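Thank you all for making the time this morning.

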Amino acid sequence: MGLSRFPFVFGILFLVLAGCGGAIRSFPGDGGSGYFGFTEAPEYRDGVECPKISRNGAGTSCGPGMVHVAMTLDSEYLRGSVAAVHSVLRHASCPERVFFHFIAAEFNPESPRVLTRLVRSVFPSLNFKVYIFREDRVINLISSSIRSALENPLNYARNYLGDILDPCVDRVIYLDSDLVVVDDIAKLWEVKLAAGRVIGAPEYCHANFTKYFTASFWSDPELKQTFGSRNPCYFNTGVMVMDLGKWREGNYRDKLEKWMELQKKNRIYELGSLPPFLLVFGGDVEPIDHRWNQHGLGGDNVAGSCRPLHPGPVSLMHWSGKGKPWVRLDARRPCQLDHLWEPYDLFKGHESSVQSFQRNVQHHVTASGVYLW
C-alpha cells in the first residue's frame with residue numbers, strides 16, 4: 001500500500017525494506033561484486049490471486065493484460081533506473097504482468113547491447129525490451145537549458161514513444177529514472193483518461209505557470225493566446241499515463257516538435273523538454289492524485305538543496321531537480337529522504353556506476369534483445 005505520513009514513512013519503509021536485504025545475492029562468477037557492481041534482485045513472482053498469463057502472451061510486449069512501463073536507460077542514470085525497476089517489482093501485486101520498455105541512446109553502438117545484458121543479469125525473470133533511440137531525430141531541435149543535463153537527447157525520447165514502441169502497445173506509463181514507486185503500479189495503470197484526454201499526470205495548479213515561459217512568449221500577442229479557453233496547470237512529465245493510440249492519431253509528436261522549432265528561432269522557455277508538453281497539453285491533462293508524483297526531492301535546478309515531502313499520502317517519490325540520492329549518499333551528504341531511496345539500491349560496488357559501466361563496456365557484448373528504431 002502507499003505511504004500516508006512522512007514520520008511513518010521513514011521508520012516503517014526503511015526497516016521493512018532494508019530487512020529484505022538478505023534475499024539479494026551477487027551474480028555467480030563475479031567475485032561477489034555483481035555485474036557492473038550490481039547485485040541480482042530477488043525474484044518477484046505473481047501471487048495466486050493474479051490472472052494467469054497465456055503461454056502465447058507470456059513475456060511479450062503484445063501480450064494481453066500487461067502493465068506497460070516505459071523508461072530511458074543510460075550509463076549516467078543507470079543506478080537510478082535499476083532502483084526504480086526494483087521498486088516497481090517489489091510493490092507490484094502481479095509483478096509478472098509488468099512489461100518494461102527501455103529506451104537507450106544509439107551514440108555508442110555497444111551500449112544498448114551491454115545495457116540489455118545488465119538488465120537481464122540484475123532481473124533474470126523481467127519482461128522487457130530495449131529499443132535504440134536515434135538521437136539525430138531530435139539533436140537539432142534541442143536548445144540550451146538552465147542545466148546541461150536537461151539537454152540530453154534521451155530526455156526527449158518520451159516525445160517519440162508512439163513511434164518507438166510496438167504498435168500493439170496503445171497505453172503506457174512513462175517513468176523517469178530518478179524515482180521509486182512505493183505502491184502497486186497497477187493502481188496507476190487503472191487510472192481512466194476522460195474522452196479526448198491523451199495523457200494523465202498529477203497537476204499543480206498553485207504553481208506559477210507563467211514562470212515556465214519567457215517574457216518574449218508572454219509579450220507576443222499571438223503566442224500568449226496559445227492556451228485559449230484552457231486553464232493550464234503545471235505538471236511534471238516524469239510520471240505520465242499515456243494513451244498511445246490517441247497520441248499517434250493526433251500526431252502529438254509533430255505538435256511538440258513545432259514548439260521546439262519555434263524555440264530555436266525565438267527563445268520562449270528555459271527548461272528543457274518540459275515546456276513543449278505544457279504548451280501542447282496544459283489545461284487538457286487528466287488529473288491524477290498527487291500521491292503518484294511526490295516530485296522535487298532533488299531540490300531546484302541550481303543548488304539541488306534538500307526538500308521535504310508534500311503533505312498527504314505517498315505512492316511515488318521523485319528526485320526531480322539537480323540532486324540525486326545516489327550521488328548524495330555516496331558523497332556522505334544525504335538529505336533525510338535519500339535514505340528512503342536506499343533500500344531499492346542494488347549497486348554494491350565501491351566505484352560509481354558510470355565508472356563501472358565505462359570499465360566493463362569494453363569486455364561485455366550481448367547479441368539479442370535490442371530493437372532499432
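**A helix pair and its surroundings**

Let me start with helix H8, residues 252–265, and helix H9, whose axes come within 9 Å and cross at roughly 120°. Since angles from 65 to 115 degrees count as roughly perpendicular and those over 145 as roughly antiparallel, the angle here makes H8 oblique to H9. The crossing of H8 and H9 is right-handed. Please keep in mind throughout that this is a predicted model.

Which residues meet between the two helices? From H8 there are Tyr252, Lys255, Leu256, Trp259 and Met260, and on the side of H9 they meet Pro276, Phe277, Leu279, Val280 and Phe281.

The largest nonpolar core has 48 residues, and within it Trp247 and Phe281 touch the most other members. The element that gives the most to this core is helix H9, residues 274–281, with six residues. If we set aside neighbours within four places in sequence, phenylalanine 281 is in contact with Val198, Ile199, Arg230, Phe235, Trp247 and Tyr252. There is also another core lying apart from this one, made up of 41 residues, including Leu126, Phe128, Val239 and Leu346. As general background, nonpolar side chains in soluble globular proteins tend to be buried together.

Stepping back to the whole protein for a moment, the secondary structure comes to 12 helices and 12 strands. Of its 373 residues, 55% count as buried, and the accessible surface comes to about 16,300 Å², with 51% of that belonging to carbon and sulfur atoms. Among contacts with a separation of 6 or more, 77% are accounted for by residues 24 or more positions apart, and I would like to show a few individual residues with that figure in mind.

Take glycine 162 to begin with, which is found in helix H4, residues 161–164. Because its relative accessibility is 11%, and buried means under 20%, glycine 162 counts as buried. Glycine 162 and leucine 244 are 82 residues apart in sequence, yet their C-alpha atoms are 5.6 Å apart in space. Not counting residues up to four places away in sequence, glycine 162 touches Leu244, Trp247 and Arg248, and Trp247 is a residue we have already met in the largest nonpolar core.

The next residue is valine 82, in helix H2, residues 78–91. Is valine 82 buried or exposed? With a relative accessible area of 6%, valine 82 is buried. Its contacts, leaving aside neighbours within four places in sequence, are Phe38, Val122, Phe123 and Leu346, and Leu346 belongs to the core of 41 residues. Valine 82 and phenylalanine 347 are 265 residues apart in sequence and 8.5 Å apart in space, C-alpha to C-alpha.

Arginine 120 lies in helix H3, and with a relative accessible area of 36% this arginine is partly exposed. Again leaving aside neighbours within four places in sequence, arginine 120 is in contact with Ser125, Leu126 and Phe128, and Leu126 and Phe128 are both among the members of the core of 41 residues. From arginine 120 to glutamate 40 there are 80 residues in sequence and 9.4 Å in space, C-alpha to C-alpha.

Glutamate 106 lies in the loop between strand E2, residues 98–105, and helix H3, residues 111–122, and at 28% relative accessibility glutamate 106 counts as partly exposed. Beyond its neighbours within four places in sequence, glutamate 106 is in contact with Ile132, Phe133, Arg134, Glu135 and Asp136.

Finally, a word on backbone angles. Asparagine 251 is partly exposed, with a relative accessible area of 43%. Another is arginine 332, whose phi is near 60°, in the loop between helix H10, residues 325–330, and helix H11, residues 338–341. With a relative accessible area of 75%, arginine 332 is exposed.

Notes
Residues numbered from 1 in each chain as written. Predicted model: local features only at pLDDT ≥ 70, side-chain atom pairs only at ≥ 80, totals over all residues. Heavy atoms only, no water. Core = buried A, V, L, I, M, F, W, Y, C linked by side-chain atoms within 4.5 Å. Buried < 20%, exposed > 50% of the residue type's maximum accessible area, 1.4 Å probe, protein only. Helix = DSSP H or I, 4+ residues; strand = E, 2+ residues; numbered from the N terminus. Contact = heavy atoms within 4.5 Å. Areas by Shrake-Rupley, 256 points an atom, 1.4 Å probe, with all protein chains shown as cover. Axes fitted to C-alpha atoms, helices over the stretch in contact; angles between N-to-C directions. Parallel < 35°, antiparallel > 145°, perpendicular 65-115°, else oblique. Left-handed = near helix turned anticlockwise from the far one by under 90°.
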